[in-house]
Amino acid sequence: ILQSASDPKPILDFYAGTDYYLYECSYWEAQADKQREYRKVLLACRRFGLKKLLDYGGGTGGSVLYFRKRGIACDYLDVPGRTFSFAQWRFKKRGLSAVMHSARESDRLPAAGYDGVMAYDVLEHLFDVPGAIRQIALTLRPGGIFFSKSTFGGGGAHLHQNEKYEDLKQFNQLLQSYGLNFCGQLKADRFSQALSYLGLRYFVLRTRVVPRMKSGGNF
């Protein structure tokens, strides 16, 4: 039903009511590869002087906890419901004052209010991807950075209508239509990659920008 939805209501209702992501996101946030993705974005924020982020599709709030713990102000946006409430409970338990935006009222996002916006594994779930990109572009300050990582093809809850954006040229054309220009792919430094290739546990030491259009970690 979600894959072929003809309007946003069943999609919003599903994400408001499901408890699936309470478990899936909590498990995923704790995995080493997800922590490395967070680390790459954190280093990019420090490199480019980004002090205030918005997690667009924040799930259970793990990214907000990660970045705020490391001195980067990070706010949250998602569909109000069970996952949203769980993230709210996590923030309150830790005494965090993160702003929580409702995805049902995303047109109220502050204009030019954020240095950076991240949407990791989120856009493929949305009914209106162009509308989301428009909102993201409006809430970014001039010179701000949009971090995007999406797999538009496959997945039981990914809309078929969004599969065309698996072609990175089409996706980047969409970004350009709202004034966003492709910068490159965010990668771990070569030394960290070498350690990974050798099968050793590693910590991302630095990040670099690879000016190629490949899926994952584009900004």
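**View 1. Here are the buried residues of helix H6.** Val-129, Gly-131, Ala-132, Ile-133, Gln-135, Ile-136, Ala-137 and Thr-139 are buried in this helix. "Buried" means under 20% relative accessible area, "exposed" means over 50%, and "partly exposed" is in between, using a 1.4 Å probe and protein chains only. With eight of its eleven residues buried, H6 is mostly covered. What do the buried residues of H6 pack against? They pack against S1, S4, S5 and H7. In these names, helices (H or I, at least four residues) and strands (E, at least two) are DSSP runs, numbered from the N terminus. This is a predicted model, where local features need pLDDT of at least 70 and side-chain atom pairs count only at pLDDT 80 or more, while totals for chains, interfaces and linings use all residues. Residues are numbered from 1 along each chain as its sequence is written, and side-chain values use heavy atoms, with hydrogens and water left out.

**View 2. Now zoom in on Gln-135, which sits in helix H6 (residues 129–139).** Gln-135 has a relative accessible area of 14%, so it is buried. Which residues is it in contact with, if you skip its neighbours within four places in sequence? They are Tyr-56, Ser-106 and Asp-107. Contact here means heavy atoms within 4.5 Å.

**View 3. H6 meets helix H7 (residues 168–177) at an angle of about 45°.** Two packed helices are described by the angle between their axes and the distance between the axes. For H6 and H7, the axes are 9 Å apart. The angle makes H6 oblique to H7. As for the wording, angles under 35 degrees count as roughly parallel, over 145 as roughly antiparallel, 65 to 115 as roughly perpendicular and the rest as oblique. Axes are lines fitted to C-alpha atoms, for helices over the stretch in contact, and angles run from 0 to 180 degrees between N-to-C directions. H6 passes H7 in a right-handed crossing; that is the name if the near helix is turned clockwise from the far one by less than a right angle, and left-handed is the name if anticlockwise. On the H6 side you'll find Val-129, Pro-130 and Ile-133, and they meet Phe-171, Leu-174 and Leu-175 in H7. The residues of this contact divide into six nonpolar, no polar and no charged. Ala, Val, Leu, Ile, Met, Phe, Trp, Tyr, Cys and Pro count as nonpolar, Asp, Glu, Lys and Arg as charged, and the others, Gly among them, as polar.

**View 4. Helices H3 and H4 (residues 62–69) pack at an angle of about 50°.** Their axes are 11 Å apart. With that angle, H3 is oblique to H4. H3 passes H4 in a right-handed crossing. H3 brings Gln-35, Tyr-38, Arg-39, Val-41 and Leu-42 to the contact, and H4 brings Gly-62, Ser-63, Tyr-66 and Phe-67. Sort the residues of this contact and you get five nonpolar, three polar and one charged.

**View 5. Five strands form an open sheet with parallel pairing.** In what order do the strands come? The order is S3-S2-S1-S4-S5. Strands S3 (100–102) and S5 (140–149) stand at the edges with a single partner strand each, so one side of each has no neighbour in the sheet. Neighbouring strands are turned by 20° against each other on average, direction ignored. Two strands pair if DSSP finds at least two bridges between them, and three bridges join S2 (residues 73–78) to S3. Tyr-76 stands opposite Met-100 in S3. Helix H3 (residues 32–48) lies across S1 (52–56), S4 (114–120) and S5, running at about 160° to S5. Helix H5 (residues 82–93) lies across S2 and S3, and runs at about 165° to S3.

View 6. Most residues other than glycine have a negative phi. Look for it in the loop between S3 and S4, where it counts as partly exposed at 41% relative accessibility. Is Asp-121 buried or exposed? At 17% relative accessibility, Asp-121 counts as buried.
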